[in-house]
Amino acid sequence: MNAPLHSGLEYWLNAPDDGPDLAWLDERRHGARARLSARALPHSKQEAWRYTSLKSLLEQQFTAIDEPLSALQPEDLDTVLIPGFESHRLVLVNGRYAPELSMLGELPAGVRIGGLRDWLQHDPESLRGQLDAALGDSEAFFATLNSAGLDDGLVVWLERGAVLERPIELIHLSVGLDEPRVAQPRHLVHLEAGAQARLIERYVSLGEALYCTNAVMEVVLGRDAVLKHERLQMESRNAFHLSGFYLLQDENSRYSGINIGLGARWARTDLNTRFRGEQAECVLHGLYLAGDGQLLDYHLDVEHAVPNCRSEENFKGLLTGQGRAVFDGRVLVAKSAQKSDAAMSNRNLMLSEQAEIDTKPQLEIYADDVRCSHGTTVGQIEPEMLFYLRSRGIDASQARRMLCLGFAGEVIDQLGVEAVREHVAAAVGQRLT
Amino acid sequence: MLSVKGLRANVGDKEILKGLDLEIGPGEVHAIMGPNGSGKSTLSHVLSGRDGYTVTAGSATFEGHDLLELEPEERAQLGLFLAFQYPVELPGVNNTYFLKAALNSLRKARGEPELDAVAFLRLIKEKLKILHLDDSLLKRAVNAGFSGGEKKRNEIFQMALLEPKFAILDETDSGLDIDALRVVAEGVNALRSPERSMIVVTHYQRLLDYIQPDYVHVLAHGRIIRSGGKELALELEEKGYGWIDAELAA
């Protein structure tokens, strides 16, 4: 029998018992749970949690969802779909894969996509080595909690050389229930050597519901594989959002991720990258917009464990009202990781006196032949720029909005699909009115 | 059209404009010349409504409107235009989007309907030609990464598009080589009309070889100390600005 977890967090683990019966999986869940009960809750004395309190999260007393929500009809999705965006669409409702709402379409040879729970039922052995492959025995508290409650999610598997032209769209839809509920989906993405795909991950809700998401995605990129990944966090403004992203890259693989954070009341995102083959490249872009009543917290951990890899992190933040954001970026270059190339930047535009940003880019370099840089800025709209626009007849509020959109546009423009780009630009624009 | 009377303005505690008078009628081009620090840029900025200046006395009226009471965008909507000495880079703000927003703001203020996309694009292409600008400029961010010459041409291009009643060209010649200067000046000349007045602020007479003013004023120590026809510019070219202090001391 496990000791109870702190602050009622064991109620996050009340997963239904109708899942696949796998000894090795139970072992993993129990192992994760045992690690948690031996550990204290994250607290503000820890560097990684210095600026973000768990108080409001724990106060909600979230409980795990015990049965899938079956009442949704395909037309309920209409409000969340992006017009004109054609994708291989997978929908999770409150953390559970909903095949009846998904539209996978035809997949080329060598591409397998499906729900984690189904996969574990039909082909458990293929996932045995994959689950926790990128996460490992992570120290991260909430990712471990996700492992302990592991139940459903998405699996994307591209075999050697498989190329998926059309993007995969993962819609993580949350629907408010009578009590505050937490969903803990686990996603696995595995691109074997030379495979290529684009994955668009969306966190959305029906209405302004109160709920919690604690998602973990593990990605393994084989040699020469290419993954373009866009994550759009547009949760309900009453929601709590935790997400852990764990990436392992083999030789010459390319990962490019764009993180857009607009929603949630309280959001914590951990992005972790580890190179295990040379000549690999990881680019992380981010844009967050925190307004009244919002806290958006980003932690990046990029580990150059081998030589000759390149990483770039470019995060931008817009803060309005009493919005708060945290950017804590760390690049570690191991002693043997010579010729590493790492550049980290975090730029913030403060649109009110009450907004707050805590930004902390860090480089930890143990190799002596590297090219590394980091920089951070916190500023306001330049009066010069504002005057320039106004001198052309554009009124002050529109001018401010244009400048903010311009600032955000440098990230939004990186989004690879036009319909998605327009969707995000419109959402950002709406927030700035 | 524009009437400036006894204008005094400070930057912080320092008085820069010390009682400046200027009358400009419709269609007239006035050159304002003067040494560095004489108040030329301050005058441009005060008239266009930039922050950072305190007007302590005097008035500036434009077609009966008290300019100094108006926001910068309201001045622009009345038909005032400033070609910046240092055009500002706006990274991430697309040029086409910017031009459209500006033009439509002015049209809206005049009670005219917004231009549709086709009409707007046709208009833009026509104006680009005047300044020998390539339409690749439209896809770029406003002034971002532009060369000095491109920036100045972009200013006059905006002027051509927005068709102001009154333009202030603040040291438009600074930083231009002779070819770029010629293109900019041709652009300005193409925009001269009996209804459009201009102030051409410059340190050097060179620009006035290409844009011939109706009047030349010498600004020194915050006041206009001499006014005349275009021959005054030539005289300044010959004598430099050294005589001013001697004259003021006398």
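Me: Over residues 23–169 of chain A, how much is helix and how much is strand?
Reply: Keep in mind that this is a predicted model. Over residues 23–169, chain A is 27% helix and 16% strand, with the end C-alpha atoms 32 Å apart.

Me: What does UniProt list for residues 23–169 of chain A?
Reply: The UniProt record, an unreviewed entry, gives "domain: SUF system FeS cluster assembly SufBD N-terminal" for that range.

Me: Which residues of α1(A) are buried?
Reply: A32(A), R33(A) and L36(A).

Me: Now domains. How is chain A divided?
Reply: Into domain 1, residues 6–277, and domain 2, residues 383–433. The centres of domain 1 and domain 2 of chain A, taken over C-alpha atoms, are separated by 31 Å.

Me: How many residues does the contact take from each?
Reply: 14 residues from domain 1 of chain A and 12 residues from domain 2 of chain A. On the domain 1 side, β9, β11 and β13 of chain A are the elements that give two or more residues. β11(A) gives the most, with three residues.

Me: What is the make-up of that domain 1 side: nonpolar, polar, charged?
Reply: The side of domain 1 that touches domain 2 in chain A has 10 nonpolar residues, one polar and three charged.

Me: Which residues of α8(A) are buried?
Reply: V420(A), H423(A), V424(A) and V428(A). They cover an arc of only 125° around the axis, which puts them on the same side of α8(A). On the other side of α8(A), E418(A), A426(A) and Q430(A) are exposed.

Me: What covers the buried ones?
Reply: The cover for the buried residues of α8(A) includes β9, β11, β13, β15 and α7 of chain A.

Me: Where is L405(A)?
Reply: L405(A) is in helix α7 of chain A, residues 396–412. Apart from its neighbours within four places in sequence, L405(A) is in contact with V428(A), G429(A) and L432(A).

Me: Why does L405(A) count as partly exposed?
Reply: Because L405(A) has 19 C-beta neighbours inside 10 Å, and a residue needs 20 or more to be buried.

Me: Switching to the chain contact. How many residues of chain B are in contact with chain A?
Reply: 22 residues of chain B are in contact with 19 residues of chain A. On the chain B side, the elements that give two or more residues are α2, β7, α3 and α5 of chain B. α3(B) gives the most, with five residues.

Me: And how do the residues on that side divide?
Reply: The side of chain B that touches chain A divides into 13 nonpolar, five polar and four charged residues.

Terms used. Residues are numbered from 1 along each chain as its sequence is written. Chains are lettered from A and ligands numbered from 1 in the order in which they are written. This is a predicted model: local features need pLDDT of at least 70, side-chain atom pairs count only at pLDDT 80 or more; totals for chains, interfaces and linings use all residues. Helices (H or I, at least four residues) and strands (E, at least two) are DSSP runs, numbered from the N terminus. A residue is buried if 20 or more other C-beta atoms lie within 10 Å of its own, exposed if 12 or fewer, and partly exposed in between; C-beta atoms are placed from the backbone. Two residues are in contact if their C-beta atoms, placed from the backbone, lie within 7 Å. Ala, Val, Leu, Ile, Met, Phe, Trp, Tyr, Cys and Pro count as nonpolar, Asp, Glu, Lys and Arg as charged, and the others, Gly among them, as polar. UniProt positions are given in the numbering used here, feature names are shortened, and annotations may be inferred rather than shown by experiment. The arc is that of the directions from the helix axis to the C-beta atoms. Domain bounds come from an automatic or database domain assignment.
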